[in-house]
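Let's walk through this model together, one piece at a time. Please have the sequence and the 3D view open as you read.

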Amino acid sequence: MVGLVLISHGKMAEGIADSLSMLFGADLPQFEICALREMNSPQEFHDELCRKVAKVDSGDGVLIFADMLGGTPCNQALTLVNEKVHLIVGMNLPMILELLGMRETQPAEVSAIIENGRAHCYWLRQDRSRMRMTINLIASSLKKRGGSAA
């Protein structure tokens, strides 16, 4: 199973992890977060990220999700990218949900993960009917898994 590390400026990665714990429980396997704080140097962040990537890698590789392109977390993660460590930039909760839905049963398909993240960006003024349909699909999926649509 592919490992997962969420990286961000401040508490964004923690916030996504908190949302995931509401949906999947607190103990997600091979999952870590790494947040850049004001008091961290880029090197300190890099060292922590290296430890987290090593911790979640069981041999099937690691996906690192970063908050934004060009920021320190992303730039530090770029130094780790290789055949087994991949970096996806612009993370959002639907992307992570897509990965968690597939990673135990099939190889992670990065293009599907990215497309899912894009597909969940709406301007509600323009796209209300699509949003209602998506909300209903998500609620139905969560009910089937025994989760909450909270």
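Helix α1 (12-24) and helix α4 (residues 93-102) pack with their axes 11 Å apart and at an angle of about 45°. Helices here are DSSP runs of H or I with at least four residues, strands are runs of E with at least two, and both are numbered from the N terminus. The axes are lines fitted to C-alpha atoms, for helices over the stretch in contact, and angles run from 0 to 180 degrees between N-to-C directions. Angles under 35 degrees count as roughly parallel, over 145 as roughly antiparallel, 65 to 115 as roughly perpendicular and the rest as oblique; α1 and α4 are therefore oblique to each other. On the α1 side, I16, S19, L20, L23 and F24 make the contact, and they meet L93, I96, L97 and L100 of α4. Contact means heavy atoms within 4.5 Å.

A word on what you are looking at: this is a predicted model, in which local features need pLDDT of at least 70 and side-chain atom pairs count only at pLDDT 80 or more, while totals for chains, interfaces and linings use all residues. Residues are numbered from 1 along each chain as its sequence is written, and side-chain values use heavy atoms, with hydrogens and water left out.

Now turn to the sheet. Its four strands form an open sheet in the order β2-β1-β3-β4, with parallel pairing; two strands pair if DSSP finds at least two bridges between them. At the edges are β2 (31-36) and β4 (85-89), each of which pairs on one side only. On average, neighbouring strands of this sheet are turned by 20° against each other, direction ignored.

You can follow the pairing strand by strand. Strand β1 (residues 3-9) runs parallel to β2 and is joined to it by six bridges, with I33 in β2 as the bridge partner of L6. Strand β3 (residues 62-66) and β4 also run parallel, joined by five bridges, and here I64 stands opposite L87 of β4.

Buried means under 20% relative accessible area, exposed over 50%, and partly exposed in between (1.4 Å probe, protein chains only).

Finally, look at the loop between α1 and β2, where you will find Q30. Q30 is not a glycine, yet it has a positive phi of about 50°. At 21% relative accessibility, Q30 counts as partly exposed.
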